[in-house]
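Have a look at the fold before reading on.

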Amino acid sequence: MSAERDHVQGAMMNETANEAAKPYRITVVSAGVSDPSSTTRLGEAVARQAQRYLHGHGHRVEIGQVELRGLAGDIARASVGDGISAGLQRAIDEVAASDGLAAASPIFKASYSGLFKSFWDVTDTDVVLDMPVALTATGGSERHALMPDTDMRSLFAFLRAVPVPTSLVAAGKDWDSEGLIAHEERAGEELGALILLGARRAMLEAAGAGYRHGVGMAHASGD
């Protein structure tokens, strides 16, 4: 009996060690429309800050990217009931397998873009359940500085994700300013901290299996 117990404990310790050895994955989901895209650039800057924070705590981090611009046709067809294409499904799967996201949208008509919203419309609600998300946006005017908090935050609240406290908008002369860099660092560190603390896994385990339909997760699965 003792040998069997030791074997089980050893297997559990090995499983925990293997899980810890996996690199964390942060994905930038960008609705930027230009190439190169300043919207993508902002999301990447926050993701790199989260990566640096996690590196500082001894963890490897991979940064992935989902560029919605190249999926616009697939998203539009899925929006009218034509089904999810293979390319769009790969993008959704990449989001689902992430430990955290940097969500980035240009500001159109005082809100996030239609492309950004349409992607989440065709994505299962549980994909980002309890997932840490940094909210970033780009625009031509400082008048829309609150858009991530008034619009994006409510969208991800509906999706039951966990937006980090600091959101940011880059507009005009903000680029490369000390203020923007400070906000990138803060949002990235908050994203990294939530990932490091295992906040998603803890919340999913606390809520129970009935809380979700069941989505593949990188470090968060408690099943």
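## The chain overall

Buried residues (under 20% relative accessible area with a 1.4 Å probe, protein chains only; exposed is over 50%, partly exposed in between) make up 45% of the 223 residues in the protein chain. The secondary structure comes to eight helices and seven strands, taken as DSSP runs numbered from the N terminus (helices are H or I with at least four residues, strands are E with at least two). Contacts here are heavy atoms within 4.5 Å; among those between residues at least 6 apart in sequence, 78% join residues at least 24 apart.

A word on the ground rules: this is a predicted model, local features need pLDDT of at least 70, side-chain atom pairs count only at pLDDT 80 or more, and totals for chains, interfaces and linings use all residues. Residues are numbered from 1 along each chain as its sequence is written, and side-chain values use heavy atoms, with hydrogens and water left out.

The chain averages a pLDDT of 86, and 82% of the residues score at least 70; pLDDT is the predictor's confidence in each residue, from 0 to 100. Residues 214–218 stay under 50, with 15 contacts beyond four places in sequence in the model. Where pLDDT is low, the predicted coordinates should not be read in detail.

## Two nonpolar cores

A nonpolar core is a set of buried Ala, Val, Leu, Ile, Met, Phe, Trp, Tyr and Cys residues joined through side-chain atoms within 4.5 Å. The largest has 34 residues, and Val95, Phe116, Phe119, Trp120, Val128 and Phe156 touch the most other members. Helix H4 (86–96) is among the elements giving two or more residues, and H4 gives the most, with five.

Leaving out residues up to four places away in sequence, Trp120 touches Val29, Val95, Leu101, Val128, Leu155, Phe156 and Leu159. A second, separate core of 18 residues includes Leu54, Ala134, Leu168 and Ile195.

## Strand S5 and its partners

Seven of the eight residues of S5 are buried. Strands pair if DSSP finds at least two bridges between them. S5 runs parallel to S3, with six bridges, and to S7, with four. Ala137 is the bridge partner of Ser105 and also pairs with Val169 in S7.

## Helix H7

H7 (residues 178–196) spans 26 Å from first C-alpha to last over 19 residues, close to the 27 Å expected (1.5 Å times one less than its number of residues). Its buried residues include Leu180, Leu191 and Ile195, and their cover includes helix H2 (38–56) and strand S5 (132–139). Gly198 follows H7, with a positive phi near 70°.
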